[in-house]
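Here is a short report on how one protein chain is held together.

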Amino acid sequence: MFSAHPFLYAISLQSYSSLIVPSLEMPSYKLYYFAARGVGETSRLLFAAAEKEYEDFRIVPPQWPTLKPKMPFGQLPVLEVDGEQIPQSRAVENYLAREFGLYGSNKQEKATIDVVCEVARELKMHLSLIFYAKEDPKERQRLVGELKDKIAPTIMTNLTKYLNKNTEGHGWFVGNSISYADIVVYAHVEKIVDNIGEDAFKDYPALKANFKRVTSNKGIANWLENRPVTPF
């Protein structure tokens, strides 16, 4: 469900209203990104996991030329906090993870989260190539095959190594609750599953269990059920 805005469409937050505890000190959050998951979805998942209210502005192509000059670098995503703009996807994610207590409880956990996030993000370039090859079926098939046979196994193996360091792979990447690392991994592995299916987990049961734990988080489960369906 969308509500009109002079330049944008904002997803309705009605489904989240029952989850929010009113606070006089609650900041006002606005997230600007295109009508896609892309590099904006991790931030949306962070909001969902923390059950924080925000305005999810989804820009469609005809609106972008008007809005672009208003963004700090002419790029998206941009997070607006009480009127102050924060550009760059990773800066936005880091800010939200810190604000919501999802960035580890000590220096070692924070370092582990950084490592895990960087490993997951190694998928980004190849996933982008697959997306932009949508008009070339043969090239897309080749890229998906490379993802399945080489790239995904390498990254999922490395992620599993770090997952196994904490509670022998039976929980989260750090500590005993969901963190920024679990959310970044979910956002990227979801795109692997989009392209090659659940077979991606065949040799990685611990990673599959972690993926399912993320989807079982109350706020994230609600988000996944209600978010707009997009191809990427």
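A salt bridge here is a side-chain nitrogen of Lys or Arg within 4 Å of a carboxyl oxygen of Asp or Glu. The model is predicted.

**Salt bridges**

The structure holds 14 salt bridges. Three of them are set out below.

| Pair | Closest N to O | Location |
|---|---|---|
| Arginine 121 and glutamate 93 | 2.9 Å | helix H4 (residues 107-121) and helix H3 |
| Arginine 227 and glutamate 41 | 2.8 Å | segment after helix H9 (218-226) and helix H1 |

Take arginine 121 and glutamate 93, which form a salt bridge with their closest N and O atoms 2.9 Å apart. The partners are 28 residues apart, so this pair links distant parts of the chain. Are these two residues buried or exposed? Arginine 121 and glutamate 93 are both buried.

Now turn to arginine 227, whose salt bridge with glutamate 41 spans 2.8 Å between the closest N and O atoms. Arginine 227 follows helix H9 and glutamate 41 sits in helix H1, so the bridge ties together parts that are 186 residues apart in sequence. Buried means under 20% relative accessible area. Arginine 227 has 15% relative accessibility, so this residue counts as buried. Glutamate 41 is buried too, with a relative accessible area of 1%.

How accessible are they? Glutamate 198 is partly exposed, with a relative accessible area of 38%. Lysine 208 is partly exposed as well, at 33%.

Some bridges join into a network. Its members are Arg37, Glu41, Arg44, Asp56, Arg58, Glu190, Asp194 and Arg227. Glu41 and Arg227, the pair described above, both belong to this network.

**Helix H1 against helix H3**

How do H1 and H3 lie relative to each other? The axes of H1 (residues 41-50) and H3 (residues 89-99) come within 9 Å and cross at roughly 10 degrees. H1 is therefore roughly parallel to H3. On the H1 side, Thr42, Ser43, Leu46 and Phe47 make the contact. H3 contributes Val92, Glu93, Leu96 and Ala97. By class, this contact has five nonpolar, two polar and one charged residues.

**Around helix H3**

Ser89, Val92, Glu93, Asn94, Leu96 and Ala97 are buried in H3. An α-helix has 3.6 residues a turn, so residues three or four places apart point the same way. What covers the buried residues of H3? The cover includes the helices H1, H4 and H7. It also includes strand E3 (29-34), strand E5 (78-81) and strand E6 (84-87). After H3 comes glycine 101, with a positive phi near 70 degrees.

**Nonpolar cores**

The largest nonpolar core has 59 residues. Within it, Leu79 and Leu159 have the most contacts. H7 gives the largest share of this core, 11 residues. Which residues does leucine 159 touch? Leaving out residues up to four places away in sequence, leucine 159 touches Val116, Val119, Ala120, Phe173, Val185, Val189 and Leu207. Another core, of nine residues, lies apart from the largest one. Ile59, Leu67, Met71 and Val78 are among its members.

How values were computed. Residues are numbered from 1 along each chain as its sequence is written. This is a predicted model: local features need pLDDT of at least 70, side-chain atom pairs count only at pLDDT 80 or more; totals for chains, interfaces and linings use all residues. Side-chain values use heavy atoms; hydrogens and water are left out. Axes are lines fitted to C-alpha atoms, for helices over the stretch in contact, and angles run from 0 to 180 degrees between N-to-C directions. Helices (H or I, at least four residues) and strands (E, at least two) are DSSP runs, numbered from the N terminus. Angles under 35 degrees count as roughly parallel, over 145 as roughly antiparallel, 65 to 115 as roughly perpendicular and the rest as oblique. Contact means heavy atoms within 4.5 Å. Ala, Val, Leu, Ile, Met, Phe, Trp, Tyr, Cys and Pro count as nonpolar, Asp, Glu, Lys and Arg as charged, and the others, Gly among them, as polar. Buried means under 20% relative accessible area, exposed over 50%, partly exposed in between (1.4 Å probe, protein chains only). A nonpolar core is a set of buried Ala, Val, Leu, Ile, Met, Phe, Trp, Tyr and Cys residues joined through side-chain atoms within 4.5 Å.
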